[in-house]
Amino acid sequence: MSQTATTTRPRWSALPRRRPPRPRPAVATLRVDISPLARAIFITLSVAGPLLGWWLLTATGAVDARFLPSPVEAVNSAVEMAASGQLLDDAWASVRRVLYGFGLAVVASVPLGLLMGSFRSIWSLFEPAFGLLRYLPAPAFVPLLIGWLGLDEAPKLTLIFIATFFFNTLMTADVVRTVPVSLIDVSYTLGARTGEVLRKVVVPHSLPGIIDAIRVNAAAAWGAVVVAELVASESGLGYRITRLARFSQYEGIFAVLIVIALIGLAIDIALRILRDRVGRWV
Amino acid sequence: MIDRVSSNRNRLVLRAVTKHYDGRSGSVRALESIDLAVPRGEFVSVVGASGSGKSTLLSLIAGLSRPTSGEVLLDDYVVTGPGPDRGLVFQDGAVYPFRTVERNVAFGLELLPRLSAEDRRARIDWYLAETGLTALRRALPKQLSGGQRQRVAIARALVCQPEVLLLDEPFGALDVQTKEDMQVLIRRIWTDTGTTVLVVTHDVEEAVFLGQRVVVLGSNPGRIVSVVDVPLGDDRDLTVKRAPEFLALRASIEDIVRVHHRAAAAGA
């Protein structure tokens, strides 16, 4: 930095001016809250719009009714299947697989992600392999898994595990890496040892983000179980879809899709509530 | 004059402390042969422009990094790592966002075996009261102002009864009024607890108001260029900032800082 020498400013032409922007309504302004009424309207549109589109397609006869049942037919079919208890059995079979397969993936990936995010050595050991493995689409493993593990539960749980484990590990590690170094340093100056810093600082600071990662990957697990059941299964919602397809019962398929969506939504809401409780400090 | 070399009076001694970093453009000499002795119970300010290695100095004393050469001694023992005998307060406070005020303050005590719950509670209560946080004990950091967060950080360090309290630009991010409140607070805590305090700041007025001595660091490499005694007595309030001797002292130290900042900038 040198001492500023005084020079006369050159005579430039006047800077071009821009017309000031017109004021914009809240709905078109970046990151600004909208009125509760506007919010309610958008939320209603989000749900009602697709439903209305579906209904219009069927009511107008634009699509052959054999391939696209109306929403009413789909709901009726769902009620019918539910009454026979069949839908509940299928749903439970799928949910149970997600609980085991994804549960196992969470139990394995969260501790590993914590270590990867905390120690450069473990990061360097796993990140290159995982960064590659996560791009292998899990459904591509189905034939292999059937060959190796047969047609039982094992290949289905393994598929769910493969579909979620690598992502959940890397996402957990990323969350852990956002713990501010100053929090870690100050803990050492307060007398904490490495294990105590992990337990009392890194884990609680990361927990809300880890639950967010689990939420994202729960959706993937839910997708993976249906794929697994489509291919080789004697039970579950995916299996039900293939059965119904064989007899061209499209309204039944739509009923199953509705159930899949509702269970997914329930999982998402449950995890969101958990996250908000755990992350009250955020 | 105090004999600053005899170590038994000294809480903290730095002997020829040098710290070099490996930067992209070769080695950076953050600190070059720093010699400093801080007697028990003293309040020392360290001032310097940015790049003078102020924060590096605190990090070395705290034990968060090791000197390239030389040594840091606390009560005649070489510092080899961080510990609760040297409390550190960061500029941003580094308060645990997931813990309430009282559980932040409790952190260091939770790690100690054989400390009864009542004893812990009593100590926490005293430091909460001392820092004016009693009413906010159950608040989360996100509900606190910047000044309140710094109070939490100070109480959390002090409850471990450190031999030295290290403050790294602790009030730099606060508004002027809050900053002055905190300056008065830290002076009062120093009087009440008798802790040795070392504060690092770029604000010369703050350094003179707080310290019994002001150590001036020059930049590139970071080194001690001057040590100035502050003959203002220990019973200070904010009015002292308007006293002629305060203003004169402040001006002369500002001159020293400025000269060395410019010299370093010209060389860089």
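Contact is taken here to mean heavy atoms within 4.5 Å. In the predicted model, the contact between chain A and chain B draws on 20 residues from chain A and 27 residues from chain B. The two chains bury about 2,000 Å² between them, and 70% of this area lies on carbon and sulfur atoms. Four residue pairs are found in polar contact across the interface of chain A and chain B. On the side of chain A that touches chain B, helix 7 (181–189) and helix 8 (194–231) of chain A each supply at least two residues. Helix 7 of chain A gives the largest share, seven residues. By class, the residues on this side of chain A comprise ten nonpolar, six polar and four charged. One salt bridge is counted between chain A and chain B. In a salt bridge, the side chain of A:Lys200 meets that of B:Glu110, with an N to O distance of 2.6 Å.

Within chain B, four strands form an open sheet in the order 2-1-4-5, with antiparallel pairing. Strand 2 (26–39) and strand 5 (77–78) of chain B lie at the edges; each has a single partner strand, so one side of each is left without a neighbour in the sheet. Strand 1 (residues 10–23) of chain B is joined to strand 2 of chain B by ten bridges in the antiparallel sense, and B:Val13 stands opposite B:Ala37 of strand 2. B:Thr18 is also placed in strand 1 of chain B. This residue, B:Thr18, has a relative accessibility of 6% and counts as buried because the cut-off for that class is under 20%. Apart from neighbours within four places in sequence, B:Thr18 is in contact with B:Leu31, B:Glu32, B:Ser33, B:Pro67, B:Thr68 and B:Ser69.

A salt bridge is formed by B:Arg15 and B:Glu71, whose closest N and O atoms are 2.9 Å apart. The pair links distant parts of the chain, with B:Arg15 in strand 1 of chain B and B:Glu71 in strand 4 (residues 69–74) of chain B, 56 residues apart. Both ends are partly exposed: the relative accessible area is 42% for B:Arg15 and 27% for B:Glu71.

Elsewhere in chain B, strand 9 (residues 213–218) has six of its six residues buried, so this strand is largely enclosed by the rest of the structure. In a regular strand the side chains alternate between the two faces of the sheet. From strand 9 of chain B, B:Arg213, B:Val215 and B:Leu217 point one way, while B:Val214, B:Val216 and B:Gly218 point the other way. Strand 9 of chain B runs parallel to strand 3 (residues 43–47) of chain B, to which it is joined by four bridges; the bridge partner of B:Val47 in strand 9 is B:Val216. Six bridges join strand 9 of chain B to strand 10 of chain B, and these two run antiparallel. Here B:Leu217 stands opposite B:Ile224 of strand 10. The hairpin of strand 9 and strand 10 of chain B has four residues between the strands, and B:Asn220 in this hairpin takes a positive phi near 55°.

Strand 6 (residues 86–89) of chain B likewise has residues pointing to opposite sides: B:Arg86 and B:Leu88 point one way and B:Gly87 and B:Val89 the other way, and all are buried. Strand 6 of chain B runs parallel to strand 7 (residues 164–168) of chain B, and four bridges join the two. B:Gly87 stands opposite B:Leu165 in strand 7 of chain B.

Over all chains, the count comes to 33 salt bridges. One of them joins the side chains of A:Asp64 and A:Arg66, at 2.8 Å from N to O. A:Asp64 is partly exposed at 34% relative accessibility, whereas A:Arg66 is exposed, with a relative accessible area of 60%. In chain B, the side chains of B:Glu205 and B:Lys241 meet in a salt bridge at 3.3 Å, N to O. B:Glu205 lies in helix 6 (residues 204–210) of chain B and B:Lys241 in the loop between strand 10 (223–229) and helix 7 (244–267) of chain B, 36 residues apart. Both B:Glu205 and B:Lys241 are buried. In chain A, salt bridges that share partners join A:Asp212, A:Arg215, A:Asp268, A:Arg272, A:Arg275 and A:Asp276 into one network.

Notes: Residues are numbered from 1 along each chain as its sequence is written. Chains are lettered from A and ligands numbered from 1 in the order in which they are written. This is a predicted model: local features need pLDDT of at least 70, side-chain atom pairs count only at pLDDT 80 or more; totals for chains, interfaces and linings use all residues. Side-chain values use heavy atoms; hydrogens and water are left out. Buried means under 20% relative accessible area, exposed over 50%, partly exposed in between (1.4 Å probe, protein chains only). Two strands pair if DSSP finds at least two bridges between them. Buried area is the accessible area (1.4 Å probe) that two parts lose on being put together, summed over both. A salt bridge is a side-chain nitrogen of Lys or Arg within 4 Å of a carboxyl oxygen of Asp or Glu. A polar contact is a pair of N or O atoms within 3.5 Å; within protein, one must be able to donate a hydrogen and the other to accept it, and residues adjacent in sequence count only if both atoms are side-chain atoms. Ala, Val, Leu, Ile, Met, Phe, Trp, Tyr, Cys and Pro count as nonpolar, Asp, Glu, Lys and Arg as charged, and the others, Gly among them, as polar.
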